[in-house]
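This briefing is intended for a reader who meets the structure for the first time.

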Amino acid sequence: MAKQQVFSEQEVNFGVAGQKLFWNWAGDNSTVPPDSILDVTTATFSYFPTNNGSVGRADLCGRNSGNNAVWRLQIVYIEPKKTVHLTFPKGLMLKAGGHVEISFTSDGPGTIFVSVNGKLYN
């Protein structure tokens, strides 16, 4: 299988659930292409508060083509203007048709920025 390093960067505002990430591959870059596998290897979160926000809570989820959760990172707390970096040495796998989404529905308010890296196999 050919391997391509890929990434996605996305901002999500407080109150938003299930916002898809868009990747740096051609075509429909919100879903894993046909005959491909995405392995998410890192996720980096930063929180930028508004008003009196003291912490941001992010949820990151990988869903299959039927919109069912395949893997989920829940309740990742981020302090204001600090970075949380998570690594997944074996990768969080998604098959063709799957997608990754970010949610910010608790704590806040403000904006969470996420940068996700991975490998696309096809």
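**Overview of the chain**

Of the 122 residues of the chain, 44% count as buried. The model is a predicted one. The chain holds eight strands and zero helices, and its elements therefore run β-β-β-β-β-β-β-β from the N terminus on.

**Overall dimensions and contacts**

- The radius of gyration of the chain is 14 Å, which agrees with the value near 14 Å that a compact globule of 122 residues would have.
- The C-alpha trace spans about 50 × 25 × 20 Å along its principal axes.
- The accessible surface of the chain amounts to about 6,300 Å², and carbon and sulfur atoms account for 48% of that surface.
- Among the contacts in the chain with a separation of 6 or more, 73% are made by residues 24 or more positions apart.

**The sheet with the order 1-8-3-6**

- Four strands, in the order 1-8-3-6, make up an open sheet with antiparallel pairing.
- The edges of this sheet are strand 1 (3-13) and strand 6 (83-95); each has a single partner strand, so one side of each is left without a neighbour in the sheet.
- On average, neighbouring strands of this sheet are turned by 20° against each other, direction ignored.
- Strand 1 pairs with strand 8 (residues 110-121) in the antiparallel sense over 11 bridges, and within this pairing N13 stands opposite T111 of strand 8.
- Strand 8 is also joined to strand 3 by 12 bridges, again in the antiparallel sense; here T42 stands opposite N117 of strand 8.
- Strand 3 (residues 37-49) and strand 6 run antiparallel and are joined by nine bridges, with L86 in strand 6 as the bridge partner of A43.

**The sheet with the order 2-7-4-5**

- A further open sheet is formed by four strands in the order 2-7-4-5, and its pairing is antiparallel.
- Strand 2 (16-20) and strand 5 (69-78) are the edge strands of this sheet, and each of them pairs on one side only.
- Neighbouring strands of this sheet are turned by 20° against each other on average, with direction ignored.
- Seven bridges link strand 4 and strand 7, which pair in the antiparallel sense; G56 stands opposite D107 of strand 7.

**Salt bridges**

- The count of salt bridges in the model comes to three.
- R63 and E101 form a salt bridge in which the closest N and O atoms are 2.7 Å apart. Because E101 lies in strand 7 (residues 99-107) and R63 in strand 4 (residues 56-63), this pair ties together parts that are 38 residues apart in sequence. Both E101 and R63 are buried.
- The side chains of R57 and D59 meet in a salt bridge with an N to O distance of 3.7 Å. D59 has a relative accessible area of 13% and is therefore buried, and R57 counts as buried at 18% relative accessibility; the cut-off for buried is under 20% relative accessible area.
- The side chains of E79 and K82 also meet in a salt bridge, at 3.8 Å from N to O. K82 counts as partly exposed because its relative accessibility is 46%, and E79 likewise counts as partly exposed at 46%.

**A closer look at I112**

- I112 is placed in strand 8 and counts as buried, its relative accessibility being 0%.
- Which residues is I112 in contact with, leaving aside its neighbours within four places in sequence? The contacts are Q10, E11, V12, F45, S46, Y47, G56, R57, A58, I78 and F104.
- One of these contacts, R57, takes part in the salt bridge with D59 described above, and another, G56, is the residue that stands opposite D107 in strand 7.
- The C-alpha atoms of I112 and K81 are separated by 9.8 Å, with the two residues 31 residues apart along the chain.

Methods: Residues are numbered from 1 along each chain as its sequence is written. This is a predicted model: local features need pLDDT of at least 70, side-chain atom pairs count only at pLDDT 80 or more; totals for chains, interfaces and linings use all residues. Side-chain values use heavy atoms; hydrogens and water are left out. Two strands pair if DSSP finds at least two bridges between them. Helices (H or I, at least four residues) and strands (E, at least two) are DSSP runs, numbered from the N terminus. Axes are lines fitted to C-alpha atoms, for helices over the stretch in contact, and angles run from 0 to 180 degrees between N-to-C directions. A salt bridge is a side-chain nitrogen of Lys or Arg within 4 Å of a carboxyl oxygen of Asp or Glu. Buried means under 20% relative accessible area, exposed over 50%, partly exposed in between (1.4 Å probe, protein chains only). The radius of gyration is taken over C-alpha atoms; the globule rule is 2.2 Å times the number of residues to the power 0.38. Contact means heavy atoms within 4.5 Å. Accessible areas come from the Shrake-Rupley method with a 1.4 Å probe; for residues, only the protein chains shown count as cover.
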